[in-house]
Amino acid sequence: MSSQMITADAAGTWKLGDLPVHRLGFGAMRLTGSAAFHHGTPSDRGRSIAVLRKAIDLGVNHIDTAAFYFSSLRSANELINSALAPYPDDVVIITKVGPYRAWDGDWGTSARPEDLRGHVEENLRQLGRDHLDVVNLRRMPKCDSIAEHFGALAELREAGLIRHLGISNVEPRHLAEAQAIAPVVCVQNRYALDRPDPDTDELLRICGEQGIAFVPFFAVAGEAGEHGAVTAHDEELRAVARAHGASPAQIRIAWTLHQGPHVLAIPGTGNPDHLTENVAAGAIRLGEEELTRLNTLHGKAG
């Protein structure tokens, strides 16, 4: 397929609360280096800023970021601020709080409920905003309940620092727990074609029934996760890619978007060419037989 002149609106739209966005967005994690966090070499600042501006030119109007997305020289939030401020009216910035990294890059103790205001204010400062469009509470694996943390964010929403709330890295029970406190506009979980997860499949279904956006992360990276895009692809995936004149990564993005009209995709990259290819994937329409083959890879019953 040709990636020329394909823009993010080809993927369709969804609303995060009252904020309309194209379903094909941009994840900022890879802006800071060749791999996320401290795993790679720092990025070229000018190139990262150019990628962000090109994303906007291609119609991307929602960007996923976090204050803990930084390498030894680069901060994703600072890059976003430098590239996009003053922000276009239709651009939605989504961030997440909970995890903490010290300035040397090491992971520290996750936020307690009383720490979350500081996390929110740090994102505000770095992004140069007076409020955050959407804030996701990222649950840590050892955190059985999210009620206290989500309640603290709900108070910040009432105070006007946050417009909408989401949750991340959760099980279905956590969604119900959060909804008893405040509205949830999105759920972010790890989800990929080659990574079956019954709990997350159930969350995807529940979100669809309730009109909540489901936003997978590492959908292209697969098992490689924060280290970058997976390079091993099943032959079924390669065959579908050949049929569309597309790359396996593009088919991974397209399959993600085909999981429901409420599913958003946030592939990230620091490469302008990869950005163009990622956005173009929103125009790929998979046939029923192709979806059956790919769903089988994901562990579904076709």
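1. Let me start with R129 and D133, whose side chains meet in a salt bridge at 3.4 Å, N to O. A salt bridge here is a side-chain nitrogen of Lys or Arg within 4 Å of a carboxyl oxygen of Asp or Glu. R129 is buried, and so is D133; buried stands for under 20% relative accessible area, exposed for over 50%, and partly exposed for what falls in between, with a 1.4 Å probe and protein chains only. Please keep in mind that this is a predicted model, where local features need pLDDT of at least 70 and side-chain atom pairs count only at pLDDT 80 or more, while totals for chains, interfaces and linings use all residues. Residues are numbered from 1 along each chain as its sequence is written, and side-chain values use heavy atoms, with hydrogens and water left out.

2. The structure holds 17 salt bridges. One of them joins E122 to R125, with the closest N and O atoms 2.6 Å apart. These two sit 3 residues apart in helix α3 (residues 116-127), so about one helical turn separates them. E122 counts as partly exposed, at 22% relative accessibility, and R125 counts as exposed, at 56%. Helices (H or I, at least four residues) and strands (E, at least two) are DSSP runs, numbered from the N terminus.

3. Another salt bridge brings together the side chains of R112 and E114, at 3.0 Å, N to O. R112 is partly exposed at 48% relative accessibility, whereas E114 is exposed at 55%.

4. R23 deserves a careful look. This residue lies in the loop between β2 (19-22) and β3 (26-27) and is buried, with a relative accessible area of 9%.

5. Backbone oxygens do lie beside the R23 side chain. The oxygen of L257 is 2.5 Å from one of its polar atoms, and for the oxygen of P261 the distance to a polar atom of that side chain is 3.3 Å. A polar contact is a pair of N or O atoms within 3.5 Å; within protein, one must be able to donate a hydrogen and the other to accept it, and residues adjacent in sequence count only if both atoms are side-chain atoms. Leaving aside residues up to four places away in sequence, R23 touches a list including W14, H62, L257, P261 and L264, where contact means heavy atoms within 4.5 Å. R23 and G282 are 259 residues apart in sequence but 8.2 Å apart in space, C-alpha to C-alpha.

6. Now to the sheet. An open sheet is formed by 7 strands in the order β3-β4-β5-β6-β7-β8-β9, with parallel pairing. β3 and β9 (213-217) stand at the edges with a single partner strand each, so one side of each has no neighbour in the sheet. Two strands pair if DSSP finds at least two bridges between them. β3 and strand β4 (residues 62-64) run parallel and are joined by 2 bridges, and F26 stands opposite I63 in β4.

7. In helix α2 (residues 76-84), the buried residues are A76, N77, L79, I80, A83 and L84. They cover an arc of only 160 degrees around the axis, which puts them on the same side of α2; the arc is that of the directions from the helix axis to the C-beta atoms. Their cover includes α1, β4, β5 (92-97) and α3. G46, in helix α1 (residues 45-57), is partly exposed with a relative accessible area of 47%. G46 and A83 are 37 residues apart in sequence and 9.3 Å apart in space, C-alpha to C-alpha.

8. Finally, α8 and α9. Helix α8 is mostly covered, with 9 of its 10 residues buried, among them R252, W255 and L257. The buried residues of α8 pack against β9, α7 (235-244), α9 and α10 (288-297). In helix α9 (residues 272-280), L275, T276, N278, V279 and A280 are buried, and what covers them includes β3, α1 and α8 (248-257). N271 caps the N-terminal end of α9, with a side-chain oxygen 2.8 Å from the backbone nitrogen of D273.
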